[in-house]
Amino acid sequence: MWNRKHLLDIDSFSRKDIEDLLKLAEKLEPFSGIDKTKKHKPLCVCNGQIMTLWFEPGKENSTRTFGSFPAAMIRLGGNYKVFDESTSSMTKGENLEDTTRILSGHSDVIVDRHRDPNHVNVVASVSSVPVINAGNGSAQHPTQTLLDIYTIKKRFSRIDGLNVAVVGDLKYGRTVHSLAKGLEKFDASITGISPEGLEMPEEFKTGTYDGKTIDMENIGAVLKELEPDVIYATRIQQERIPGNTDGCAYTIDKKVLSLLPEHAIIMHPLPRISEISREIDSDPRSVYFQQASYGVPVRMAILCMLLGHEVE
Ligand code: NCD
């Protein structure tokens with residue numbers, strides 16, 4: 001069990017906290033319904049419990065995180081509700097703290113995604129129930145990192161010693177920020193590959209971090225030389241970038257794939273725009289849809305850990 005109330009960032013996690021989570025997710029996976037070839041038994045660990053989803057309307061749209069948290073809660077036998085600021089008393093001027101006090105009274109756990117990186121911290125400071133950061137602006141996305149690490153572990157049976165290349169918008173992409181912090185707990189090396197101006201901010205450059213600023217047209221040659229075990233592609237965060245992003249786009253296609261080691265896997269938090277050509281979707285090394293599906297068992301495990309449920 002984790003000795004913490006909230007899940008706000010990945011920095012405060014120990015390696016053991018992450019390993020405990022991975023073990024629990026593995027145990028819960030057969031109950032998550034992600035394997036469509038198998039029947040799964042329903043669980044009732046969270047019977048009668050309510051999760052509130054608090055996603056900033058319009059600004060922080062989501063398909064995977066917004067969808068997999070309710071799926072996880074329902075698979076655990078619990079329920080969820082969506083809080084919509086635009087139809088709430090916040091429109092009458094009610095402040096964030098009072099709103100949180102009321103919402104936590106109606107819930108057992110709150111899942112928060114906002115453009116303001118500090119929103120989740122304010123919510124956690126007054127909430128009477130656990131608060132989960134589901135993406136705070138361009139800062140971090142810790143639950144994505146846990147499912148990313150789960151995906152890597154499933155494929156390689158280890159994290160230690162792996163060579164991970166993170167590619168794309170490393171400045172505004174929150175998934176790579178928390179991934180760098182998460183991989184730091186393991187003995188993995190991380191190389192950032194980005195266009196000029198979208199490099200990893202200093203605060204997320206961990207001990208083993210090595211950054212390469214490149215002309216994105218050369219992505220194949222750069223990856224070939226690096227021989228990474230994992231390629232973690234990300235989209236250019238257009239909505240967060242002031243000014244134009246000409247020259248930032250890149251595509252991993254069959255040609256690039258042919259330059260990579262046979263065992264290397266391609267990950268992406270999704271949504272992809274043009275970073276990964278659809279022509280490689282059916283390649284066994286393309287694991288991004290599998291990765292997205294692990295959002296359910298991993299978030300089931302997160303909910304159990306924070307709500308204090310032991311699973312036999
Ligand atoms: C990411 C996010 O919202 O940060 N998506 C996700 O949660 N899987 C990635 C992105 O939007 O680029």
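Predicted model: local features only at pLDDT ≥ 70, side-chain atom pairs only at ≥ 80, totals over all residues.
## Around the ligand

Residues are numbered from 1 along each chain as its sequence is written, and side-chain values use heavy atoms, with hydrogens and water left out.

Helices (H or I, at least four residues) and strands (E, at least two) are DSSP runs, numbered from the N terminus.

## Contacts and cover

Which ligand atom is 3.1 Å from an N or O atom in the side chain of Gln 144? A nitrogen atom is. For Thr 65, a side-chain N or O atom is 3.1 Å from an oxygen atom of the ligand. Arg 174 has a polar side-chain atom 2.7 Å from a ligand oxygen. The protein covers 92% of the 320 Å² of accessible area that the ligand has on its own. Accessible areas come from the Shrake-Rupley method with a 1.4 Å probe; for residues, only the protein chains shown count as cover.

The ligand takes up the space of the largest pocket. On a 1 Å grid over the protein atoms alone, a pocket is an open set of points where a 1.4 Å probe fits, with protein on both sides within 12 Å along at least five of seven lines. A molecule sits in a pocket if more than half of its atoms lie within 2 Å of its grid points.

## Buried parts

Is helix 6 largely enclosed or open? Ten of its ten residues are buried, so helix 6 is largely enclosed by the rest of the structure. Among them are Arg 174, Thr 175 and His 177. Buried means under 20% relative accessible area, exposed over 50%, and partly exposed in between (1.4 Å probe, protein chains only).

Ile 110 lies in strand 3 (residues 109–114). Ile 110 counts as buried because its relative accessibility is 0%. Its C-alpha atom is 8.5 Å from that of Ser 127, 17 residues apart along the chain.

Gln 140 lies in the loop between strand 4 (131–136) and helix 5 (142–156). Its relative accessible area is 6%, so Gln 140 is buried. The Gln 140 side chain makes a polar contact with the side chain of Asp 11 (2.7 Å). A polar contact is a pair of N or O atoms within 3.5 Å; within protein, one must be able to donate a hydrogen and the other to accept it, and residues adjacent in sequence count only if both atoms are side-chain atoms.

## Backbone angles

Most residues other than glycine have a negative phi, and most peptide bonds are trans. Leu 270 is not a glycine, yet has a positive phi of about 65°. Leu 270 is in the loop between strand 9 and helix 9. Leu 270 counts as buried because its relative accessibility is 11%. The peptide bond from Leu 270 to Pro 271 is cis, with omega near 10°.

Glu 227 also has a positive phi, near 50°. Glu 227 is in the loop between helix 7 (219–226) and strand 8 (230–233). Buried or exposed? With a relative accessible area of 54%, Glu 227 is exposed.

Technical notes. 1 Å grid on protein atoms, 1.4 Å probe; cavity = no way out; pocket = protein on both sides within 12 Å on 5 of 7 lines; lining within 4 Å.
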